Every structure is written in structure tokens, then in C-alpha cells.
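Visitor: I'd like to learn how to read a few features of a structure. Could you walk me through them?

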Amino acid sequence: MTARLSLYRKAEQELYKLDRSVKAQFYDFCHNFRNKPGLPGLRKKQLKGDSRIHSARISQDYRALLTKTGVDADGTESWLVIAVRHRRDVYEELQVAVNRVTGEIEFVDLAVVGDSALRRAGITLTPSEPDAHAPKAAAPAPEPSSEPDTRSLLAAYHAGQLRDLGVAEQLIELALTVTTSAELDQLVEGAPLLSKDVLYGLAAGMDIDDVRKEITAPVELDQRPDPEDFATALTRTEVTTVDDAVRTVIEEGDFRAWKVFLHPTQDRIVRRQYKGPARVSGGPGTGKTIVALHRVKHLAEQLPPGHNKPILLTSFTKNLTTDLRLRLASLIGPDLLARVDIAHVDQLVGRVLGENTAPGSGRQRVYDHVALQEMRQLVAELDDQRFEPEFLVEEWEQVILGQSVPTRSDYFKARRAGRGRGLTRPERAHIWKLIEQFTARLDKLGVETWGQAAERAARFEIERAAKIKARREYKEEIGGKDLIHRDNSSGMRYLGHRYQHIVVDEAQDLRPAHWKMLRAMADPTQPNDLFIAGDTHQRIYYDYQIALGALGINIRGRSSRLTLSYRTTREILTEALRVVDPADTNQKITYDDLDDGTDNLAGYRSVLHGPQPAFVPYATWDDELAGLATTLTTWRDQLSTDENGAQRDPSGRIAVCVADRDMVSQTMYYLTTKAGITCAELTKEGPKGDGEVHVGTMHRFKGLEYQRLAVVGASDGIIPRTSAIDRYRTEDPPRYEREQRKARSLLFVAATRARDALTISWHGKPSPYLPV
């Protein structure tokens, strides 16, 4: 008789932390168990507390805890490894069950629950294998007849409510006895994810209806599951099939797994069938990018056989798409990966223009600062001081190009949402004349901005989509007859939409023209055409007030909001939120929702717990760099050794974030020459070099994640650059507010890149955005 083995996610996480020698013994155990699950040397036996759990011998000191989930017609048994433990940590009271809400298999380990909570619940743990060689424990001191009358954290709730929300049965009574946050942390340490999220949400003060709506409802089955049907429950449970391939995953550690981990509450968003564009929003660390990646995986798995690339995965910058490619490659195999086109949005613009431009007639594309310099020269030559050059370029980019305004009369009617001061008709006429002269100047130089390029690419794609629609309508009109002769004469023989599915990450930074181009690239009559992930609180490149509905992308009724952060700890999150949502009511800042409404981070919270972020002042920049070197050295030493003393490579787990390129150079020079710390600079293409610490500007950290992060140079005058925005304070207050909002978002993005530890430092006076 043979067996099929799967690995419960919690057991996989336990394996990450074990010594390499134990991992090797576990692989040998799996090989033996798969070939002969009844092998005497495995010493398989049932636990007394739950007969469905078996203990089997991995080595002299370690045990695998398993539960049988079914038997195939040929007699092959299916087993699930639910835990890997030292034998002294195996107790008879361990239990496994099918969750009444999700239908998933849940393993509850009471061994990690605090003694006080167990005592109040009247639970005593019994070792499965008493250690005869261990010294006898001293007799416990007499317990007081009663504990202090301390109010439970969850005193407002009863067992029935917790049960209805999906808390594991074995944890309900214990949860109702918890009196401190520390006890709650111990209780949920080994708890199933749904139980953890529900209990943290209630303890944090969430309304029970909000917990049901935001946490329970997204993972709840339409019908109550059979509590005895473990075979069906296994199909709903995230497990890893134990084979040779799992060895690499486990040995790479939990940091890699964490970067692609899909929470069960997000799984329904990934697998849902959408009859039109859909969007997922949420704060940093809520898993928007993970949802987008798993959405691509889900769509790729549904494709019929072929060699084309019907799925597009895109984002705003090159380094983001580089990271997306690496993470997607860890989710799907090479064959499916080859069916996905991964390109940043300006790369798509270049492709479209290349297809529609005669060789040698293209223009050189330049960045916005080049265009701004040309505008400055123009207004200086004209001695025209009515409008700032920055204002004129933004008006051109955001209103004229953003809405594809073709004529002066159309500009008179164009909406200017979010542009601040209103313009009279004569002022619009004057601006139009200046911009005509400006664009003529760019044409003479043979250059165009990326904004112009995007607008041209959007027009080409819209024309292409119109031809496809006309062909479809004509075919329907003539009764579906073949159009070969008509297609050949019009050059439309192989014309079709470029993609079947488009997935957009970091959507908040795209230009309006980008959206029009993407809309035209996928068939709007087909399901699952556009899937959009983004958060306007993290908009750091442009400050466009975009309404997707006005651009032909209707997401109403197909929007999901994620509120639980699985990356940033509660301690880091609390401080970061104060950057974009200051307590001072006079500084209240509004953010749009990409659909003519406002967005907020109400209910945004973390399920993780960690150390408080450190805010460290220094007198000078040199002092700050010296303090940074000390911090990084400590972090490097801590991450170089795991909990069992085994050596591991800390590279790529630590990063330093600064405000500008000059500070990147200064920081890297100091760390490499004076502190002996190797560095890799974050560039558009990703980390340059193989240094152990990544260093980059705040913009380069968009979409990235690190275990430990230091933000340095967070001084007043640097964040924000007061020299760049102070002139707007009185001249253009709306522009001043926009610049402030963008600078706050940049610091918010930087602070929330950290998973476990965050240090923010400054020299001189701290940034006014810091919560210090």
C-alpha cells in the first residue's frame, strides 16, 4: 500500500524554522511514508485526545503529526502533515477539524496558548511521549483560590457569536477568557487564519457586523460543510503536495513564501467570474499585488492549449514589472509563464507607436523635466508671466492630453477636476495659444513627452478597437458569413484585440491616456477583461484625478476593498497612518477612489505584531550615517543566523530608503568604505549588483517589500523639499496641497515597505509629516 502526502501550511512554516539536518530527515520520512505508510519504523500511533491525529517518527527527537483525508479506489491513502514537532511538544490535546464556515481543515495547537488562559479554561496538557530522562518538575506552588476579577477583552461577545463568525471550536471558550493583548497574541499564535483575523478584529474594536462582512463573509461557503468529510475539506485547504520540488521551497525560507502567500479571504476575489472590469483596493500590505499575481495564475490555468500571450500583466515602472515577473515565476511553471505578457505601460506605448510609425519618422521621447525646461524658455522669450511654467505643463498633461482635447473650443468645455483655481474663458484661450506654441517647439526639436506618446498610442488602439467592432457588427448584419474577401481587401485579416485579459498593478499611477489604451486592448464584451489593483494613498508619480468610468472602464459593483495588512505590523502601521491621515483636523487630506469619489483607510489594520518602529534624531548627516551603519550591522548579524543557529544569507532582506539620488550615492559610499557593508542600488531594472543591503530612493521602493527597513534623511526641508513647493503656499494653494499630499504618500509608501522592523532617522529638524 502507498500513500499520497500533502503539507499543511502551518507545518510548512514550522519546517522553515528547523535546522537543515531535521529538514533532511523529514524528506527521508516522507519518502518512506509514501512508499509504505505502515512501515514499523515510523511508529505511527493515534493520539488519545483526537483519534484522527496520528504521530509518526521522523527522527529520535522529531515527530510528524498527520491526519488521513481519504483512500483512493486503488487503495492509495491520502494523508495531510499538519505539524512537525519536537517530541516533547506533542500533546494528547491537539485537535483537527473542518471549519464550519470555510469548510477547510483546521489544526488547533493549544501548546502555544499561555498558561493563565489554559488554567482559567480548566485545560491541562498531557505529553504524548513523557520524557523519562527529564528531571522531575518541582511541585507547583499552590494556586490562589480565585484570580483577580479582570474583564475579558471579548466580554461583549458570547460563544455563539464567535462560532458564527468562524472561530475554531477549540478556541472559543479560551478566547472568552483572554484578559490582555499579550494573552490574545499567545492564543492566536498557532490559530487558524480565520480565527486569528476574527479575534484580532473584535479585540481592536471592530463592529461585529463589520467583522462578519469584511472577514467572515468573503470566505464563507454557500452551504455548511460536512464536518466529517475530510476529503472534500482537503480540496478547500491550502496545502503543498510533498514531492522533491517542495524541498527547494522550504529551504528558501518563509520570506520567499510570504511574498506570494494568498490569504483565504482574498481567494474568492482571485477566482470570481467578472462580467466586466473589476478593481481591488486597500492599504499597503493588504495583498493587492498578491491578488493580482494569483489572478494572473488563475486566468492562465483556464487558457486552452496554445503558444500565444492572451494575458497582459502590467504596471507603471520597469522595476515593478521586473519584480512581478520574478514573483509570478515562483507561482506558475514556465509553460504558463510563457502565456503571459509582462510589460510596463510605457513599454506597451512604445510597441504600439512602433507598429504605427514609418521607419525613421519616430520622435525621441523625453521625460517631463525636459518639457518643463522648454516651457520655461518659451514663457521667458515671450516675457509672459501670467502663468507659472509648471502650471502650464500640468494643464497640458492632465487636461488637454489627459482628455485628448483636440481643439480650442473643446478646451473651453473640458472638465478640470482637481486642478485647483478656476479659469475664465479668456484665460483658457491664452493658455491654449501658449500650448500650441509649446507643442510646435517640441515638434521642431523632434521630441515628444511620454505623455504625448501615451496619448498617440491610445488613439491608435481606439481606432483599432473601432475597426474590430465594425467588423463584428457587419458580420452579425450579414448573418455570420465568412469575411475573408472583405478582410483581405481592407487589411483586417488577422485583426483582433491584443489581449483576452489585462491585469494592472499599482493602478493609481497611470495616466488617463494609459487607461484609454488599455481599455482598447481588451474586448469589453468578454468577461474578465480588466482586473485593476491600486491604492490612491500611494500615488507618488502624478496627481491625476482620474474617473475610470469617464474613460470607458465601469467598475461599479465589481470593486473589492482589502483592509487587513499581512505585511506591516500593527506598530508600524499605526505610525504610518499618521503620515497620510494626521490627527490635526486642520491638515485633513482627501484621496480620490479612481471613480469620482473619495477613498479612505477606515478599518485598515494589521494582523501582525512586532516591535515599535524607532524614530532616531541626529545632529548631522555624518552622525546619521554612522548610526545607520550600526543598525544595519545589527540587523545583518541577526538575520545571518536562524533560530537553530544555522547560517543563512541575509541579502535582499534589508534595505535603506532615502529621498534622492545624491543621498543614495552618499549612503552607499559610507556603508561600503567605512562600515564594510556591501550594497546594491535599486534601479529601474531592479537591484544592481549582489550587495547584501538594497539602497534606493523612495520612488524605487514602490511595490517592494523587505523584512527590515531604514528610512534615513527624513528631515524638514528634505521631506518635503520645501525649496520646491513653498512658493505655491500663497501663489497656488491647491497646487501646494497636491504637492503636500504627494510628498506624504511618498513617505507613507517608504514606511510601509517593512515587514518586521522599521527605523526612521533625521538630522536637524524632523520632517513635519513624522508622528514625533
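Guide: Happy to! Let's begin with burial: a residue counts as buried when its relative accessible area is under 20%. Keep in mind that this is a predicted model.

Visitor: Is C679 buried or exposed?

Guide: C679 has 14% relative accessibility, so it counts as buried. C30, at 1% relative accessibility, also counts as buried because of that cut-off.

Visitor: How many disulfides does a search of the whole structure find?

Guide: The search finds zero disulfides.

Visitor: Now to helices. What describes two packed helices?

Guide: Two packed helices are described by the angle between their axes and the distance between the axes. Take helix α7 (residues 193-203) and helix α8 (residues 208-216): their axes come within 10 Å and cross at roughly 150°. Angles over 145 degrees count as roughly antiparallel, so α7 is roughly antiparallel to α8. The crossing is right-handed.

Visitor: Which residues make the contact of α7 and α8?

Guide: From α7 come L194, D197, V198, G201 and L202, and from α8 I208, V211, I215 and T216. By class, this contact of α7 with α8 has six nonpolar, two polar and one charged residues.

Visitor: At what angle do the axes of α13 and α14 cross?

Guide: Helix α13 (residues 288-301) and helix α14 (residues 318-329) have axes that cross at roughly 60° and come within 10 Å. That makes α13 oblique to α14, and their crossing is right-handed. T289, I290, L293 and V296 of α13 meet L324, R327 and L328 of α14 in the contact. Those residues divide into five nonpolar, one polar and one charged.

Note on methods. Residues are numbered from 1 along each chain as its sequence is written. This is a predicted model: local features need pLDDT of at least 70, side-chain atom pairs count only at pLDDT 80 or more; totals for chains, interfaces and linings use all residues. Side-chain values use heavy atoms; hydrogens and water are left out. Axes are lines fitted to C-alpha atoms, for helices over the stretch in contact, and angles run from 0 to 180 degrees between N-to-C directions. Helices (H or I, at least four residues) and strands (E, at least two) are DSSP runs, numbered from the N terminus. Angles under 35 degrees count as roughly parallel, over 145 as roughly antiparallel, 65 to 115 as roughly perpendicular and the rest as oblique. A crossing is left-handed if the near helix is turned anticlockwise from the far one by less than a right angle, and right-handed if clockwise. Contact means heavy atoms within 4.5 Å. Ala, Val, Leu, Ile, Met, Phe, Trp, Tyr, Cys and Pro count as nonpolar, Asp, Glu, Lys and Arg as charged, and the others, Gly among them, as polar. A disulfide is a pair of cysteine sulfur atoms within 2.5 Å. Buried means under 20% relative accessible area, exposed over 50%, partly exposed in between (1.4 Å probe, protein chains only).
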